[in-house]
Amino acid sequence: MISTGGGAVVDPRNRWALYRGRTTVWLDGRPEVLAQRLRRSPNVRPLVTGRDPIGTLRDLAAKRERFYSATDIHQSGVAEVHGVVDAVDARLGGRDGDAGTTLLRASTPIGRFILGDGIAATALGTELDLLRAQRAILVSEPGAWAAVGERLADDLRAGGREVVHILLPQGEPAKRLDVVESAARELADLRVERLEPLVAIGGGALGDTAGFLAAIYLRGVRIIHVPTTLVAQVDSSIGGKTGVDLPEGKNLVGAFHQPAAVIIDIAMLRTLPERQMRAALGEAVKMAALGDERLFELLETDGPAIARGDEAVFTSGVLAELVERAAWAKVEVVLADERERGASGGRINLNLGHSLGHAFEAAGGYGGLLHGEAVAYGLRAATRIGVEAGVTPPERAARIGALLDALGLATTPLPYPLATVMGHLATDKKHAAGRLRWVLPTADGVVVRDDIDPALVERAATGLLGAPSVSPR
């Protein structure tokens with residue numbers, strides 16, 4: 001038996017070491033009871049010294065609840081030792097030994113978030129039960145369906161649930177209005193009702209389209225995201241942005257539609273192709289550049305191994321930490337500014353690297369670059385613009401550039417005409433009052449500027465473009 005202090009599980013690596021292969025118990029005492037114990041304790045507790053102990057304990061509990069809630073057994077309200085032992089012992093017999101390891105569980109205004117290793121089937125069944133869904137309506141695409149979807153469907157059926165599914169095209173071709181219409185007609189043929197949630201199983205493009213479908217079918221049905229790619233786990237499945245593309249630009253038709261739940265199972269990444277693992281790190285570098293120093297250091301030390309999909313990053317907890325830090329950082333940004341209404345300092349900051357990144361994607365017909373690869377090019381452009389505009393310190397730009405180099409991202413020129421790239425940039429969604437708002441790196445975060453000279457933007461874009469015969473990476 002291992003008994004830890006309350007703060008031990010805040011660190012993702014500690015949870016990885018403590019929770020895997022063990023039965024974990026959260027002994028949840030009332031703040032009033034704990035405060036009384038602290039007052040009688042001969043040991044000085046710095047966290048509550050000179051403060052209101054009850055208020056401090058409540059605040060700590062709220063901040064740590066997502067870590068504590070991931071335990072196998074939550075025992076509250078029992079003060080005597082023998083009572084705790086008896087209560088925990090009684091609940092041990094009901095545990096499912098094949099449920100995987102949950103590392104984080106949180107209920108928020110933008111959905112429930114469950115993160116772990118080998119948890120998808122059990123967590124999905126639980127979420128469907130919470131929504132009282134008699135039937136599982138699975139929306140996937142051929143690659144994700146073959147890799148994980150069929151197995152999830154079988155597990156749900158084994159639990160006595162009716163399962164139906166529809167398949168969308170794989171990748172960016174799913175993000176078309178005609179695909180949404182076809183999928184909606186399939187839902188109508190299946191007689192899907194408003195209280196029946198959709199379950200999106202796939203990567204970013206699949207989640208964007210399935211989310212938009214959920215937002216508009218029957219004027220809105222609930223959706224559960226089960227992201228199967230790294231970029232979807234750290235970014236696109238979180239925040240409720242849904243949408244499809246037009247020839248004129250990326251995500252120009254869409255809606256905000258928050259999921260009922262997001263189930264992030266890092267075990268699903270074991271079969272992900274190396275190019276997709278590497279590309280997703282473009283989004284992770286963006287989150288680090290927003291001001292997460294620990295994430296920056298993690299990428300610098302372990303990023304290349306993550307990009308290769310080395311077995312060690314799965315078994316050591318490195319990948320789990322990366323996913324948790326990047327994903328939760330986005331959750332916190334979205335909670336503060338869900339609809340991107342803040343002029344600066346809110347959700348718009350998440351668009352670092354995305355203005356020219358989206359333009360590069362569109363210039364390639366949404367087939368030449370993966371999204372994370374495009375973001376990496378956009379990050380290089382943003383640092384160059386920032387340095388020349390006087391907002392990005394050269395050493396910060398150099399650090400971001402060196403990390404992208406080490407990860408093998410945005411290292412070769414793109415084969416797109418400048419005029420095509422700039423034409424797509426003109427339709428960027430971040431225009432306000434006719435001016436494009438640029439998110440640019442600073443020494444320890446970002447700043448939003450709408451006064452960037454178009455000639456400077458063209459110079460930055462030109463520096464990333466080359467001969468049409470060059471193959472981008």
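In this predicted model, the mean positions of the 54 positive and 58 negative charges of the protein lie 3 Å apart.

The overall build comes next. The protein contains 18 helices and 15 strands. Its radius of gyration is 23 Å, close to the 23 Å that the globule rule gives for 473 residues, so the protein is as compact as a globular protein of that length. Taken along the principal axes, the box filled by the C-alpha atoms is roughly 75 × 60 × 40 Å. Of the 473 residues, 53% are buried. When contacts between residues at least 6 apart in sequence are considered, 75% of them join residues at least 24 apart.

Inside the protein, the largest nonpolar core has 92 residues. Leu 230, Leu 281, Leu 319, Leu 322 and Leu 356 are the residues with the most contacts inside this core. Helix α13, which spans residues 318-336, contributes eleven residues, the largest share of the core.

What does Leu 322 touch, leaving aside residues up to four places away in sequence? Its partners are Leu 230, Leu 281, Ala 284, Leu 295, Leu 298, Leu 299 and Ile 306. Two of these partners, Leu 230 and Leu 281, are themselves listed among the residues with the most contacts inside the core.

Terms used:
Residues numbered from 1 in each chain as written. Predicted model: local features only at pLDDT ≥ 70, side-chain atom pairs only at ≥ 80, totals over all residues. Heavy atoms only, no water. Core = buried A, V, L, I, M, F, W, Y, C linked by side-chain atoms within 4.5 Å. Buried < 20%, exposed > 50% of the residue type's maximum accessible area, 1.4 Å probe, protein only. Helix = DSSP H or I, 4+ residues; strand = E, 2+ residues; numbered from the N terminus. Contact = heavy atoms within 4.5 Å. Rg over C-alpha atoms; globule rule 2.2 N^0.38 Å. Lys, Arg positive; Asp, Glu negative; His and termini not counted. Charge placed at Lys NZ, Arg CZ, Asp CG, Glu CD.
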